Amino acid sequence: MSDEPKTPGTSNRVLIAWLVGAAVLVAIVAVDYTVHHHAHFAADGIDVDAMPEFFPVFGLVCGFVLVLISKTLSIALKRKDTFYADD
Amino acid sequence: MQMTDLPPAAVLFAGALLLPLFKGKWRFAVALALPLLALADSWAVITEGGASFIPFMGMTLQPVHVHAATPVFATIFCIMLAGGVLFSMNDDRRVELTAAFVYAGGALGVAFAGDLVTMFVFWEVMTLGSTIIIWSGRQNDSYGAGLRYFGMHALGGVALLMGIIIVVTQRLHEGAADPLAFGHFSAMVDGWSHLGWDNAGMWLILVGMLVNAGAPPFSSWIPDAYPEGSTSGTVFLSAFTTKTAVFTLLVAFAGVEVLIYLGVYMAIYGVVYGVNANNMRRLLCYSLVNQVGFMLIGIGVGTKLSIDGAAAHAFAHIVYKALLLMATGSVLAMTGKFRLGELGGLYRTMPVTMWCLIIGGLSISGFPLTSGFTSKSMVVQAIVDESSRMAALGEPHTYLIVTWFLFQAATAGVFLDACVKLTWFIFFQKDSGLRPPDPPWNMKAAMIAFAFICILLGVFPGILYQILPYQGEAAEYAKVVYSLEHVMVMLGMLGFSGLAFFLLLPILKRGSYIHLDIDWIWRRFIPRFWKEVLLPLLQQLDNAQKAILESLPGRGMRDANLPPPIARRMGNMWAVSVPVFLIVLMLLVYLVVYFVIPTL
Amino acid sequence: MELIRHNLPALIVVTPLVIGLLTSIIGRRGLGWWMAMGTTAAGLAMSVQLLVDVLAQGDRTVEYLMGNWPVPFGIGYSVDPLNATVLLIVSLLGAVITLYARKSVASEVPAGKLNFFYALWLFCITGLLGITITGDAFNLYVLLEISSLSTYTLVAMGKDRNRRALTAAVNYVVLGSIGACFYLVGVAYLYMATGSLNIADIAERLQPIYASWGTEAPIYQKTVITGFAFMAVGLSLKLALFPLHGWLPNAYTYAPSSVSALLASTATKVGAYAFIRVIFTLMGVGFAFGRLHTDVALMVCSGAAILVGSWLAIRQTNVKKLLAYSSIAQIGYIALGFALANKDGITASVIHLFNHALTKGGMFLALGIVMYRVGGTRLSDLRGLGRKLPITMGAFTAGGLGLIGVPLTSGFISKWYLVSACLEQGRYELAAIVLVGSVLALVYVWRVVETIYFGKREDEVNVREAPASMLVPTLILVGASIYFGVDSSFTTHIAGEAADFLLKVKP
């Protein structure tokens with residue numbers, strides 16, 4: 001976890017939880033490397049999804065992209081939550 | 001009278017009538033028993049293959065009919081009602097409970113509707129029941145939100161009714177054997193893409209159903225109205241309206257391509273707005289739209305496997321969405337707070353709620369060993385299968401490939417949004433100082449029961465697969481559902497979208513904001529336009545008209561001749577002359593019509 | 001017995017006339033209502049018998065000659081499925097509303113005038129039944145005046161509640177007289193051309209006249225057509241078809257409650273009947289619609305009536321007036337139905353005559369209860385009455401659902417046929433107007449229902465549910481309007497018979 005949040009009173013249990021999370025991610029990467037992925041759309045010559053580690057990367061990129069889209073939209077569409085109540 | 005003569009919906013309507021007669025424990029004993037009785041009755045009818053006919057305007061109504069998808073939906077509607085009743089038990093909300101029975105009865109009625117009129121009647125019964133549930137929420141804006149909800153659904157209902165009338169009329173003219181039949185519009189799908197008067201009826205029916213499904217541009221009613229329900233009310237609301245719409249779309253419009261596009265839009269919309277949401281229950285409403293989007297995609301693809309997937313996903317979704325709303329409802333009930341920014345650190349004192357929320361969150365994202373995995377992956381697989389089938393035939397199918405990628409992206413997004421973000425902000429992040437206990441036993445029991453179902457269906461998918469519309473396909477799919485490849489796809493995607501959340505945490509600060517949606521047009525723009533542009537304009541016109549009238553000879557004198565109080569009291573004497581003028585005008589019109597038109 | 005049965009067509013009109021005369025001269029107070037009640041109940045029995053008799057006839061008509069004078073010299077009464085249905089509507093509503101009227105009228109009209117009131121009440125019903133049953137164009141005018149004159153007075157009797165009843169009545173007198181006068185002028189033109197006053201006879205004599213128009217020497221072309229124009233305008237006014245609805249809202253609003261209910265449920269229905277009769281039987285539908293394009297004028301007027309009437313209803317703050325404007329819209333539906341001139345359209349018209357009479361009658365009766373208990377019918381008077389008068393307000397709400405056309409109410413059946421008829425003619429824009437009308441109805445009904453159930457009262461008036469003598473008739477009418485929405489076999493049957501009859505007599 002590159003971004004350890006500054007939670008006051010971080011106990012050992014929470015630290016263990018973070019470590020377990022990180023371990024799981026490492027394990028996923030490791031196992032995914034050994035698994036053979038079929039290309040879902042081989043008939044169309046698309047085999048990007050058969051590459052090792054495609055889905056971890058896809059998940060990470062999608063997470064980033066969706067959050068960034070949301071935040072960009074938010075700039076324009078953000079209103080105080082009493083917006084409609086002001087009428 | 002045999003059990004099979006009794007429409008399952010009638011059991012719940014009887015419940016709605018009976019419940020006010022009971023008090024305290026007895027009421028809840030009855031309220032818990034009735035959904036189970038309705039479930040038993042549903043299955044009696046389903047095994048019997050039940051069909052009853054009632055003559056209506058020279059046609060026949062079929063209030064008890066078993067569609068292929070009826071077993072799944074009837075079962076989950078009954079289970080859902082029972083779970084919701086259990087959850088609401090500690091809080092004596094009589095009106096809401098009665099309305100919930102009416103509402104669920106309507107949903108069950110639609111699931112068994114064999115004709116369009118029955119379907120429509122139950123459809124409107126649901127609108128009534130759900131509106132009352134929203135109103136009994138007694139939140140700040142419950143009344144206004146309920147009104148907007150009712151208006152939206154009334155309009156949707158009008159479109160549906162109009163469509164039904166047109167379709168039935170056309171069928172009568174064609175001499176169809178059963179003009180009221182509610183089934184797949186297969187005969188009309190050929191000329192589908194062409195939008196014209198001859199299939200206007202079908203389009204109107206589709207629009208009516210889509211309004212209830214929360215499809216664009218009418219998605220906003222879900223996050224607008226549902227968070228205004230009470231803790232238990234929102235649980236009821238989340239289950240029936242959209243899923244009944246999914247059921248009807250599944251029956252009538254399976255394989256209609258436009259549903260795929262709408263579904264993709266909803267899936268992405270739900271995530272994008274969900275990321276920005278601060279009200280925890282509104283966030284779940286956005287993810288509800290996202291999940292219904294997945295179901296629409298399944299219906300739109302229209303293969304047997306994808307229809308199974310959509311139906312299974314509706315079943316699984318009702319359970320885990322109710323679970324999530326129960327968990328957030330418990331947090332709301334125990335803390336009185338619903339903004340994510342005001343919560344945090346509750347893991348210390350609400351462990352049961354936390355684990356239930358996590359199980360619900362994992363299910364909604366389709367994590368292996370949860371119900372979401374075994375249901376949603378069917379739709380994913382169906383997209384791939386259909387794409388390769390069409391590739392073999394050489395038909396255009398790029399849209400399916402794009403759909404698949406966007407589908408997976410939305411899946412990753414919903415994990416980030418409805419699972420990781422929700423859990424993090426409610427139970428961890430900074431310590432809010434709140435130390436509420438877990439909720440009362442009945443709320444815990446309801447949550448644990450639904451969490452159990454989520455895991456059960458994840459571990460033993462066969463239980464659900466055997467009541468799906470196409471059991472053969474489902475059984476075939478059961479063999480490959482837990483392939484290592486499937487599992488690793490999900491683990492990789494979900495794990496790393498979760499990582500993305502923590503990496504982006506600095507920009508995910510929560511403020512007390514809402515985000516504008518299309519409903520801005522009718523909630524803000526039109527009222528303002530009326531108040532600030534049209535109304536002043538009309539007043540100007542009014543003034544001009546008055547000035548013209550004042551300048552006419554006679555009027556001023558007439559008014560002056562009467563003492564003012566009487567003039568006011570006796571009304572406007574001028575009133576008679578306008579109608580008389582109109583009479584003469586109409587005579588002129590008729591004379592013109594009679595003498596001029598025939599000679600043209 | 002056989003004598004009575006043979007003379008039914010005459011008795012049904014003469015009985016209320018004679019009893020009405022007696023009522024106006026008897027001195028004893030309180031007897032008036034009993035006489036009216038007995039007469040209307042007998043009238044109901046007679047009209048049911050008449051309908052049964054008509055449907056039993058092979059040619060679906062019962063002819064009756066006044067004093068055995070043969071037509072066209074004497075006055076002939078002729079009953080067919082259409083006017084038998086309208087007779088049933090008038091006498092059914094007349095009987096039920098009379099049952100209701102006793103307490104309501106006693107509270108709104110001075111005790112000294114009660115007998116006079118019931119005499120006029122019976123004259124009004126006489127006129128309405130007479131218009132419906134007569135086969136003579138001039139006799140129709142006479143009966144029209146009988147009903148109208150008594151109606152003007154009945155409306156004016158609301159003056160003790162609100163002085164505006166007087167202006168409303170004056171307004172109505174002026175416009176109603178012009179309407180009747182126009183009709184009479186029309187009859188005179190036709191008499192000039194054909195030398196006959198019997199409707200069927202005129203229709204027959206018009207045939208050679210029509211035939212001559214394409215030729216070198218057209219006979220009476222301008223005379224006949226001008227006559228038709230006068231009749232159409234005169235009857236449009238009686239029917240309160242937009243834009244000639246000006247007299248209606250105030251007359252309905254300021255009349256005593258029972259009178260509003262009677263007028264709303266029967267008077268305009270009879271006007272609609274007379275219009276249908278003139279177009280289909282007298283002018284001949286092929287000629288009136290095919291050559292003169294009356295249907296176009298009617299469709300425009302009725303479409304506008306639906307939209308404008310509903311729109312104005314939304315803006316009202318007096319619920320009685322709101323219902324009056326809603327009636328203008330509903331008249332639009334009725335006129336639209338027969339303007340389409342196909343079987344579904346006429347069926348829709350006739351069903352709606354029946355259903356709307358029940359629904360609107362029931363709603364006006366429910367409002368009468370509000371008037372009786374609370375003393376006013378403005379929206380503010382209805383606030384929060386859902387708890388105080390649950391049965392009355394429940395009935396009002398059920399009636400409101402009927403106005404919208406919710407399935408399982410009778411309004412749905414009418415609209416179903418109407419939309420079918422529009423689609424059959426390929427008139428999608430009219431179908432859309434019907435739809436928009438339903439949405440507008442939803443809005444105005446909702447405004448009232450919201451006030452009834454969610455409005456907060458500032459003054460905690462202690463009102464009780466109405467007495468049974470008022471509640472029962474209200475529930476009968478609203479209950480019937482729901483019943484005929486669930487089981488529409490009776491209404492669709494008689495309306496279908498009427499439609500078949502009208503379309504068969506096409507020249």
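Lys80(A) stands opposite Tyr513(B), a residue of strand β3(B). Three bridges join β3(B) to strand β1 of chain A, residues 78-80, and the two strands run antiparallel. The model is predicted. The points below describe how chain B meets chain A.

**Extent of the interface**
- On the chain B side, 52 residues are in contact with chain A, and on the chain A side 49 residues are in contact with chain B.
- The two chains bury about 4900 Å² between them.
- Carbon and sulfur atoms give 72% of that area.
- Glu485(B), Phe496(B) and Leu516(B) are the residues of chain B that lose the most area to chain A. Together these three account for 14% of what the chain B side buries.

**Polar and charged pairs**
- Between chain B and chain A, the count of salt bridges is zero.
- Eight residue pairs are in polar contact between the chains, with both residues at pLDDT 80 or more.

**Elements on the chain B side**

**Residue classes on the chain B side**
- The side of chain B that touches chain A has 33 nonpolar residues.
- Eleven polar and eight charged residues are also found on this side of chain B.

Notes
Residues are numbered from 1 along each chain as its sequence is written. Chains are lettered from A and ligands numbered from 1 in the order in which they are written. This is a predicted model: local features need pLDDT of at least 70, side-chain atom pairs count only at pLDDT 80 or more; totals for chains, interfaces and linings use all residues. Side-chain values use heavy atoms; hydrogens and water are left out. Contact means heavy atoms within 4.5 Å. Buried area is the accessible area (1.4 Å probe) that two parts lose on being put together, summed over both. A salt bridge is a side-chain nitrogen of Lys or Arg within 4 Å of a carboxyl oxygen of Asp or Glu. A polar contact is a pair of N or O atoms within 3.5 Å; within protein, one must be able to donate a hydrogen and the other to accept it, and residues adjacent in sequence count only if both atoms are side-chain atoms. Ala, Val, Leu, Ile, Met, Phe, Trp, Tyr, Cys and Pro count as nonpolar, Asp, Glu, Lys and Arg as charged, and the others, Gly among them, as polar. Two strands pair if DSSP finds at least two bridges between them. Helices (H or I, at least four residues) and strands (E, at least two) are DSSP runs, numbered from the N terminus.
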